[in-house]
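The stops below are given in the order in which to select them.

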Amino acid sequence: MMQWLELSNKVLEGQELTNDEALSILECPDDEVLLLMHAAYHIRKHYYGNKVKLNMIMNAKSGLCPENCGYCSQSSISNAPIDSYRFVNKETILTGAKKAFEQNVGTYCIVASGRGPSNKEVDQVVEAVKEIKDSYGLKVCACLGILKPEQAVRLKEAGVDRYNHNLNTSESHHDQITTSHTYGDRVNTVEIAKESGLSPCSGVIVGMKESKQDVVDIANSLKALNADSIPVNFLHAIDGTPLEGVNELHPLYCLKVLALFRFINPTKEIRISGGREVNLRSLQPLGLYAANSIFVGDYLTTAGQEESEDHKMLKDLGFEVESVEEMRESLATEK
């Protein structure tokens, strides 16, 4: 037990883990996982107490994507049977925002498939966000793909608070997942968002045949990028995609991954994201001893857990949902 607590104290003192220490977290013996999570919670509690941030996705545009990402059911090389549609209208986006507000969700995420947004699509987001801010005051995160500097500025001016563009995997493993854009393209988009004043959100997908070293590398890359919010996704392999049938993850390993991200990015929002239901399974609650944020509701093309079950889980854990009012206060502080 002392080994993991000593590591957490080292982190709280402002020191960084060595590569060997980081790998040791992923290689933690299964019978020590509860001790590891206790140490991760030591860090989490210091920065976030027992608060949990809630996020909800609006899939504003589905399918029709020219990219060849191996994990994605919306890509050009996927045969998965999904709904494909062009950018939804403003009323649909506003309806989703109303639902998020009513469920005490602090961050509303407008997500669109594709390599990057057209100027017309940016116009649609801008128009909707202005009304969301006036009506509900939610934190808004946009995830629209590779972004141009002038588009980032427009989103910021409209009231978008955060921009998501996941690195997904390590630089050395990137070409095994997609070749239609580079790792550098993804990093550049996050930098463009930062330069415009948008809060950077960037995360990872674990379980795509990467090594443990790849997981450590991407955790460190996100630290170097200074991402404010880090979604940790666990591969939900979808039939019809190149990663169909891949099932490398075990719930205990997923907990180790979440602990690793807390140790390496101690002050950041760590969000348990896509694939948590099928990979963490009955151990989902334990993940929140490292993470301090979750998505509620459905994801892009896969179903999530019922929102009511998420709220029951948080209540049973003794955690408290960050209210929209608290989110507004923290947002004002960030600005």
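Predicted model: local features only at pLDDT ≥ 70, side-chain atom pairs only at ≥ 80, totals over all residues.

Strand 2 spans residues 107–112, and because 6 of its 6 residues are buried, the strand is largely enclosed by the rest of the structure.

To find one of the paired positions, pick Met-58, whose bridge partner in strand 2 is Ile-110.

Now select strand 3, residues 139–143. The pairing of strand 2 with strand 3 is also parallel and has 5 bridges. Here Tyr-108 stands opposite Val-140 of strand 3. To follow the chain from strand 2 to strand 3, show helix 5, residues 119–135; this β-α-β crossover is right-handed.

For the last stop, select helix 3 (residues 33–48) and helix 9 (residues 251–264). How are two packed helices described? By the angle between their axes and the distance between the axes. The axes of helix 3 and helix 9 come within 9 Å and cross at roughly 35 degrees, and the crossing is left-handed. Show the side chains at the contact: from helix 3, Val-33, Leu-36, Met-37, Ala-39, Ala-40, Ile-43, Arg-44 and Tyr-48 meet Leu-252, Leu-255, Lys-256, Ala-259, Arg-262 and Phe-263 of helix 9. Coloured by class, the residues of this contact divide into 11 nonpolar, 3 charged and no polar.

Note on methods: Residues numbered from 1 in each chain as written. Heavy atoms only, no water. Axes fitted to C-alpha atoms, helices over the stretch in contact; angles between N-to-C directions. Helix = DSSP H or I, 4+ residues; strand = E, 2+ residues; numbered from the N terminus. Left-handed = near helix turned anticlockwise from the far one by under 90°. Contact = heavy atoms within 4.5 Å. Nonpolar A, V, L, I, M, F, W, Y, C, P; charged D, E, K, R; others polar. Buried < 20%, exposed > 50% of the residue type's maximum accessible area, 1.4 Å probe, protein only. Pairing = 2+ DSSP bridges. Right-handed = clockwise from strand over helix to strand, strands pointing away.
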